[in-house]
Amino acid sequence: MSAETQLKRTPLFEKYKELNAKLIDFGGWEMPVQFSTIIEEHHAVRNDAGLFDVSHMGEILVEGKDAESFLNYLVTNDVTKCQVNKAQYTAMVKPDGGIIDDFIIYKLDEQKYWIVTNAANTDKDYEWIMQHVKGDVTVKNISDSIGQLALQGPKAEAILQKLTDTDLSEITFYRFAQGVEVAGIPDVLVSRTGYTGEDGFELYLAADRVTELWDKLLEAGKDEGIKPCGLGCRDTLRFEAGLALYGNELSEDWSPLEAGIGFAVKVDKEVDFIGKEFLAKQKAEGVKRKIVGLEVTGRGIPRNGYKVFSADGTEEIGHITSGTKSPTLGKQLGLALLSVDHAEVGTEVKIQIRKKLVDAVVVKKPFYKR
Amino acid sequence: MANLLFSKEHEWVLQLEDNKVRVGISDYAQDQLGDIVFVELVEEGTEVEKDESLGTVESVKSASEIYSPVSGTVVAVNEDLEDEPEKVNEEPYEGGWMVEIELSNPEELKELLDEDAYKAFIEEGGE
């Protein structure tokens, strides 16, 4: 926790200090892990509303006559199916299927898109994109000029509606509106997306107005019980909702089909795309391992990297990708990349937790659905 | 808390008898860990050397080892923590105690910090 290495900071850094947040190094960014406690913030999002600073996430602008065809070559989902003011979840893979990143593409107009990347991957993504650029397109990493707040929870819409004349009920899941005025701040992109398993919005705006919007949202949501939230509960929330995290469920060492995000892989799209040959073959043959949910029936909490064994303890069948004691369900749960021979719901397995083999069983995911 | 001694690994030690101590983790440690949701301790009768593991405390986010500040035999384990691990957050010096150890080398107590020295250690950013 020493401050010797130069960590990047979002425009809200001074607010963290004011609110006495506990800070961590998250992929090279000095970010709040919690403002009060992870469990308290977790429940606030499930029951009321929580506000997250996610300005560390990257935005890459892809613009030009060939933007659509280039993106369609670059990612696994079918970009031609994405309409203006709609967002699409997708993956970018290597020819061998390894996942470079997962992200959301926003179609701003017919020839203009944003790619919103994982903070730790932004530079890697940008380099990969520049290496493969084709046709009449301009690519710009605009991450530093854009801030992002996530307002999540069942009361998110009621809170945000107090600050804007735009009818939020018209922005349905995975759609967005551009140029919205929120709390007197112009040109906010309001997107009904999130990473918590709750209803809510992600708000993109000029980096130098983020602090102002943060304050106004916290003020507007007072009666609804809004809480400033850190990345700690963002992780437990997305985990319960079965949403993959890059570096845990998603890796360059396996494919999106194995990682459980096959819904974002369209091997049947007509045009060629990077990884198509591999993914089409893997899909036809069937994956040999996949991400499953595990519930610990013994005592212990699964954590990233722990080994998983067959029920008789003789065969190593995979590893835990994420795990915690679920704040909503009170159970000790894990996500694991397991051999498909042991991946059926109800299969008993063992997790090596320190020196012990602890009983667990494969369960359905997501663990939580609103 | 005048009688408490501390290790640089953030355990506290309370001397109960000449050669018997109670051990837990400091208020600073529980605050750094955040919500504690699981505690697993060694069994009664285990012999431990100084700096060996007494068990694990887990927060929502991660697992941390507890290092024994002294050598000896574990003669009692706080079994309440199995069902109420949050006691470590709520009352780290009372209900959140972890084990009692019969000392094999009472001299080791002299190597521990008193409360003022421990506070100074934390303020210096001791990890």
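Which residue of chain B forms a salt bridge with A:Lys356? Select A:Lys356 and look across to chain B: the partner is B:Glu40, and the closest N and O atoms are 3.2 Å apart. Keep in mind throughout that this is a predicted model.

**Stop 1: the A:Lys356 and B:Glu40 pair**

Colour the two chains separately and keep both side chains on display. B:Glu40 sits in strand β4 (residues 36–41) of chain B and A:Lys356 in strand β19 of chain A, and the pair crosses between the chains. B:Glu40 counts as buried because its relative accessibility is 16%, under the 20% limit. A:Lys356, at 48% relative accessibility, counts as partly exposed.

**Stop 2: B:Glu58 and A:Arg354**

Next select B:Glu58 and A:Arg354. These two also form a salt bridge, with the closest N and O atoms 3.2 Å apart. B:Glu58 lies in strand β6 (residues 53–59) of chain B, while A:Arg354 lies in the loop between β18 (348–353) and β19 (356–363) of chain A, so this pair too joins two chains. B:Glu58 has 0% relative accessibility and counts as buried. A:Arg354 counts as partly exposed, at 25%.

A:Arg303, A:Arg354, A:Lys356, B:Glu40 and B:Glu58 are linked in a network of salt bridges.

**Stop 3: the whole interface**

Widen the view to everything in contact between the two chains. Chain A contributes 18 residues and chain B contributes 17 residues. Together the chains bury about 1,600 Å², and 48% of this area is on carbon and sulfur atoms. Highlight A:Arg299, A:Arg303 and A:Arg354: they supply 37% of the area that chain A buries against chain B, more than any other three residues.

How many salt bridges are there between chain A and chain B? The count is four. Polar contacts across the interface come to 14 residue pairs, with both residues at pLDDT 80 or more. To see which elements of chain A are involved, select β1 (22–26), α2 (38–47) and β16 (316–325); each supplies at least two residues of the side that touches chain B. By class, that side of chain A is made up of seven nonpolar, five polar and six charged residues.

**Stop 4**

**Stop 5**

Select residues 176–182 and 185–191 of chain A, which are strands β10 and β11. The strands run antiparallel and are joined by four bridges. To follow one bridge, pick A:Val180 and find its partner in β11(A), A:Val188. Then move to the turn: the hairpin has two residues between the strands, and A:Ala183 takes a positive phi near 55° there.

**Stop 5: A:Thr347**

Select A:Thr347, in the loop between β17 (332–339) and β18 of chain A. At 19% relative accessibility A:Thr347 counts as buried, because the limit is under 20%. Show the backbone of A:Glu344 as well: its oxygen lies 2.6 Å from a polar atom of the A:Thr347 side chain. Setting aside neighbours within four places in sequence, A:Thr347 is in contact with A:His342, A:Ala360, A:Val361 and A:Val362.

**Stop 6: A:Val308**

Finish at A:Val308, in strand β15 (residues 307–310) of chain A. A:Val308 is buried, with a relative accessible area of 0%. Which residues does A:Val308 touch, not counting those up to four places away in sequence? Among them are A:Leu294, A:Ile317, A:Ile320, A:Ala336, A:Leu338 and A:Val349, and the list also includes A:Glu315, A:Glu316 and A:Lys350.

Terms used. Residues are numbered from 1 along each chain as its sequence is written. Chains are lettered from A and ligands numbered from 1 in the order in which they are written. This is a predicted model: local features need pLDDT of at least 70, side-chain atom pairs count only at pLDDT 80 or more; totals for chains, interfaces and linings use all residues. Side-chain values use heavy atoms; hydrogens and water are left out. Contact means heavy atoms within 4.5 Å. Buried area is the accessible area (1.4 Å probe) that two parts lose on being put together, summed over both. A salt bridge is a side-chain nitrogen of Lys or Arg within 4 Å of a carboxyl oxygen of Asp or Glu. A polar contact is a pair of N or O atoms within 3.5 Å; within protein, one must be able to donate a hydrogen and the other to accept it, and residues adjacent in sequence count only if both atoms are side-chain atoms. Ala, Val, Leu, Ile, Met, Phe, Trp, Tyr, Cys and Pro count as nonpolar, Asp, Glu, Lys and Arg as charged, and the others, Gly among them, as polar. Buried means under 20% relative accessible area, exposed over 50%, partly exposed in between (1.4 Å probe, protein chains only). Two strands pair if DSSP finds at least two bridges between them.
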